[in-house]
Amino acid sequence: MKKIFYTLCSLAFLLSGCHDSLLNPVPESVLTEKNYYNTANDIDLAVLGIYNRLQTRKPTDYQILEVPTDNLYLSANTLIEGTPEMDMLSVNATNPLIAAFWETTYNGIFRTNAVLTNLDKPTDYASGEKEQFEGEAKFMRALFYFDLVRLFGDVPKVTGILSVEEAASIGRSAEDEIFALIIEDLERAIEILPLKNAIENGRANKAAAIALLIKVHVYQQNWDLAKAQLDRFFKEAGSSFSLVSDFSSLWKIASENNTEVLFSLNYIDGSNGHNLSTAFLPNSGVIGIASRGNEIALPSWSLHKNYVEGDRRKSPTITEWWIPPNTPNVPPIWYPYVNKYAVPHTQGQSGLDLPILRYADILLLQAEVLYHLGQQQEALNALNKIRARAFGNSDHNYTTASITNEQDFFHVLFLERQLEFAYENERWFDLVRSGKFEEVMKQEERLFNHANQTPVKVTLKPQAYMKRFPIPQRQIDQSAAGILVQNEGY
């Protein structure tokens, strides 16, 4: 299926995405909206401009969603500003990674609001086209705000186009208000978006919108509402999706568009790619993949040791034995590195699509919801679908005999989430919402001596306030006095 080229619409980017950050928008006088948003094609390009913001941000999300967890730690030669503080849980309000995440995400929200504000202007929509564009925009706004509220808590709520003065006077809205907007946007998106097989790959669809709404209700611990949306998913959209039999096929370009991916971001090798296929590789590269690697971060032993023998998710996630390209005839070296995104690529930019929502997540969310609703066996059945795919059989399935209480169940649930979604930017959120952030991060183990295969515990000091990141200081500085209040602890 044809890929969507998010970055070809430079005119749309200029007009719908001119605001660099929430509190530093380009004055509206530079826009030429009178000459734009007048046709359906204009709106289409502007919608693609919304996706571009997530497409740009996603390949670096691991720096704030995996590096500060027990999944990943920095290599000794990492030079990316702000990552050492992430790695050691010493983030402050001036961290450039936090600021970039905030600004790119709000830029996406501004692009969304520009589309929704101008949606009624064109008169040449094909049947259903206007509704599709509205649904895509509202899905993306919900996704952006879901990321923001989970990371920062109370955040500014913006649903229209702001002037410079208006932007500077917008304060933080309560989490409940942000979640209400997210739910409202998703419910509307579900009503008007087409099914995945009726829309181009790389664009939002009905199943993705329902899936995201399930996830939102789970994060709010609204178990009955989450169950209602799960039922809706399987009734209205779920028949098109299933787990792929081979976990590794999810991370191959030839099979990236498959029955498991509900929504993904498109990339093209070289011209419109991402650097994740280079980011984790050893400096000297990997034979058949790339001649050089950036070795930004390495897999923590805390994750590594949780893959038991026979788990087929391990080898597509972590490679243990490495052959240096400059000495290809020597025996392999035990040098674990992340290889989940390691596909052959050129110019440091690979074309592997990045999944945002997978059917596996639906099953694990279903297990979580059903257990909370007292349906223990049904919850295990959903969990064991993931387990059986991981091992290729039912020999390692969980049973009511081995899972005897709530503590046992949620331990294995979040373990399966860690193993299934390693380096897909779920771990930070799962640590926070499970209430295990402080406990787990005090026990993180890393591999400081690869030659001796020696795990070493690191001394980290996680604190309860760290479950929320600081509001970027430059946003506070650009706002009117006292408008943006910093999170506790920073």
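**Rings, helices and strands**

User: Quick one on F437: buried or exposed?
Analyst: F437 counts as buried, at 5% relative accessibility. Buried means under 20% relative accessible area, exposed means over 50%, and partly exposed is in between (1.4 Å probe, protein chains only).

User: What kind of model is this, and what pLDDT do local features need?
Analyst: The model is predicted: local features need pLDDT of at least 70, side-chain atom pairs count only at pLDDT 80 or more, and totals for chains, interfaces and linings use all residues. Residues are numbered from 1 along each chain as its sequence is written, and side-chain values use heavy atoms, with hydrogens and water left out.

User: OK, rings. How many aromatic pairs are there?
Analyst: The structure has 25 aromatic pairs. One of them is F146 with F179, in an edge-to-face arrangement. Their centres are 6.4 Å apart, with 70 degrees between the planes. For the cut-offs: rings of Phe, Tyr and Trp (its six-membered ring) pair if their centres lie within 6.5 Å, and planes under 30 degrees apart count as stacked, over 60 as edge-to-face and the rest as tilted.

User: Which helices does that pair tie together?
Analyst: F146 lies in helix α6 (residues 129-152) and F179 in helix α8 (residues 175-192), so the pair ties together parts 33 residues apart in sequence. Helices (H or I, at least four residues) and strands (E, at least two) are DSSP runs, numbered from the N terminus.

User: Which residues make up an aromatic cluster?
Analyst: W102, Y106, Y145 and F152 form one.

User: Switching to helix packing. At what angle do α8 and α9 cross?
Analyst: Roughly 155 degrees, and the axes of α8 and helix α9 (residues 206-219) come within 9 Å. Axes are lines fitted to C-alpha atoms, for helices over the stretch in contact, and angles run from 0 to 180 degrees between N-to-C directions.

User: Are α8 and α9 roughly parallel or antiparallel?
Analyst: Roughly antiparallel. The cut-offs: under 35 degrees is roughly parallel, over 145 roughly antiparallel, 65 to 115 roughly perpendicular, and the rest oblique.

User: What handedness does the α8 and α9 crossing have?
Analyst: α8 passes α9 in a left-handed crossing. A crossing is left-handed if the near helix is turned anticlockwise from the far one by less than a right angle, and right-handed if clockwise.

User: What about α6 against α9?
Analyst: The angle is about 25 degrees, with the axes 11 Å apart. α6 and α9 are therefore roughly parallel to each other. The crossing of α6 past α9 is left-handed.

User: Where is E187 found?
Analyst: In helix α8. E187 counts as partly exposed, at 37% relative accessibility.

User: Strands next. How many residues of β5 are buried?
Analyst: 5 of its 6 residues, in strand β5 (residues 333-338). Strand β4 (residues 318-322) pairs with β5 in the antiparallel sense over 4 bridges. Two strands pair if DSSP finds at least two bridges between them.

User: Which residue in β5 is the bridge partner of W321?
Analyst: W334.

User: And what is β2 joined to?
Analyst: 4 bridges join β2 to strand β6 (residues 354-358), and the two run antiparallel. Strand β2 (residues 261-265) has 5 of its 5 residues buried. F263 has L357 as its bridge partner in β6.
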